[in-house]
Amino acid sequence: MTETPTLAGPEVQVRSVVSSLSDVNPEGLTEAQRVAAVSALEALKGAAAAAQARLTAAAVVDREALGEDSRSVRADLALARRCSPALADQHVGVAKALVGEMPLTMGALERGEISERRAMIVVRETACLSVEHRAEVDRRLAPTIANLGDKALAGAARRAGAALDAESLAERNRRAVASRRVSVRAAADGMAWLSILGPMKEIIGAHVALLGEEGRRNVIDPDLPADEWEAAAAAARADTRGKGAWLADRALELLSGRAKGQPQQVEVSLVMTDQVLLPAAFGGNAPGDDVAVIPGWGPIPGAEARAHIAALLDHSDTELTNGANGVNRGGDSGDAGAFGWLRRLFTDPTGRDLVALDSKRRLFHGGLRRFLELRDPTCRVPWCDAPAIQADHVHAVHDGGATTGANAGGLCKRHNLVKEEPGWHMNVESTGLDGTGTHRIRIQTPTGRIHDATAPPILGEGWSPPTIIGDEFEPPQDPFPEGYLPDELPPIELLRAPDEPMLDPPDDWFVQDDAMWVA
């Protein structure tokens with residue numbers, strides 16, 4: 001939920017235009033009229049972006065002119081634009097360049113001749129130029145800027161800038177080399193991208209080396225003894241991976257230092273219901289919502305999660321402790337094998353919100369932090385998708401705030417700093433632990449705008465509660481209701497470590513040390 005102060009000034013005019021767009025009706029129009037309306041709306045988007053740029057630049061420049069830190073107003077602008085702080089910073093940089101240094105590009109945006117994306121391209125490709133040279137590129141591109149595609153416009157801006165200042169191009173390349181890095185981002189279908197940004201010759205050299213090794217993967221030494229040669233040939237025939245799959249597998253093996261078949265020594269949390277984990281204990285049928293979730297990454301099929309756990313069981317060092325809802329896979333880089341744990345997660349009766357979890361798991365401490373990481377995998381500030389790397393006291397400790405799950409919020413480093421700026425206020429509106437609703441934090445910005453930040457469902461955004469038809473389904477009202485879980489779970493019981501018994505929840509849940517019973 002987002003609340004705004006009373007409408008005033010240009011906001012009234014803008015919102016009236018937004019409201020009038022709902023009256024645009026395609027019925028009764030010719031095809032030519034519909035296409036013309038689409039073109040006019042595209043121009044409107046450009047003009048709106050130009051107005052946003054003027055307002056954004058003024059807000060930041062005024063704050064900086066006073067010698068003040070602009071982080072607070074930038075964070076407020078990010079919430080206003082419903083985007084992440086990093087993207088808001090890009091918008092601020094583009095706005096300041098368009099308003100102060102590139103009037104002709106700004107004019108094309110105001111007239112709706114180019115989109116905000118095209119304006120951002122021109123600003124980005126001239127970032128290394130002086131103010132004078134940037135203005136000259138602006139003048140040179142003006143006649144054709146409305147007719148160029150994205151790639152052509154980027155190339156034209158780079159070429160014009162290089163002609164004016166070749167050293168700026170060299171400086172840009174030097175800065176690019178200094179920014180080399182490795183990053184990971186989620187992909188669809190339980191996959192992820194591992195990206196390496198580096199100098200072209202180094203990247204191409206590494207790729208060529210991989211291609212060369214792939215080309216030799218089925219080459220067998222003719223001098224091998226007959227039995228070894230036959231075994232090698234059989235192994236080559238059994239490897240049916242395509243070229244792309246083999247290259248990916250080999251690159252990951254080399255980067256992680258693993259031998260073939262050796263498990264990864266990292267922790268990956270899988271959150272699922274007991275029925276998804278052990279369908280055999282529930283009549284042998286997987287539930288309709290046969291999905292597990294990797295917090296912060298997204299859903300994967302339940303069958304894939306079960307296969308992942310089964311693979312862990314193939315390693316002798318694996319142990320699975322008694323549990324039902326959560327699975328952690330981890331280990332220390334010095335271990336010979338992988339370790340696996342099952343840990344019970346207790347939700348509210350609807351199954352949406354995490355309220356507690358088992359406290360005991362050997363080798364790791366800080367159960368309250370783990371609770372928070374599971375509940376808030378990404379920053380709780382709306383539209384910020386950054387990982388929640390810092391555990392924050394919503395009600396500050398120095399002001400009497402308690403270290404509890406109710407008073408905790410996962411934030412990115414940036415928002416944890418911004419919330420301490422003057423004018424920012426955060427309050428817990430709902431604890432999410434007493435059955436009265438989801439954990440909700442109310443954020444008030446220095447400009448008076450109010451945003452509500454609710455914790456995501458423990459099983460991921462997009463989750464929906466089980467369908468209730470009449471009185472056929474009654475959600476459990478207690479973490480261990482009579483008959484809710486099977487009396488015996490043989491697969492778990494056989495794998496349970498002898499010194500980690502099933503934990504019974506205390507009558508009065510509380511947070512103490514590493515205990516995770518949260519009232």
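His393 stands opposite Ala408 in S12. This model is predicted: local features need pLDDT of at least 70, side-chain atom pairs count only at pLDDT 80 or more, and totals for chains, interfaces and linings use all residues. Residues are numbered from 1 along each chain as its sequence is written, and side-chain values use heavy atoms, leaving out hydrogens and water.

**Exercise 1.** Find how strand S11 runs relative to S12: parallel or antiparallel?

*Solution.* Strands are DSSP runs of E, at least two residues, and helices are runs of H or I, at least four residues, numbered from the N terminus. Two strands pair if DSSP finds at least two bridges between them. S11 (residues 390-393) and S12 are joined by four bridges. They run antiparallel.

**Exercise 2.** Decide whether Ala408 is buried or exposed.

*Solution.* Buried means under 20% relative accessible area, exposed over 50%, partly exposed in between (1.4 Å probe, protein chains only). Ala408 has 11%, so Ala408 is buried. Next, list its contacts (heavy atoms within 4.5 Å). Not counting residues up to four places away in sequence, Ala408 touches Leu372, Arg375, Asp376, Asp392, Val394 and His439. Leu372 is 36 residues away in sequence, yet 7.2 Å away in space, C-alpha to C-alpha.

**Exercise 3.** Which residues of helix H7 (residues 131-141) are buried?

*Solution.* They are Arg134, Val137, Asp138 and Leu141. These residues lie on the same side of H7, because they cover an arc of only 105° around the axis. The arc uses directions from the helix axis to the C-beta atoms. They pack against helices H4 (85-100), H5 (103-110), H6 (116-125) and H8 (150-164).
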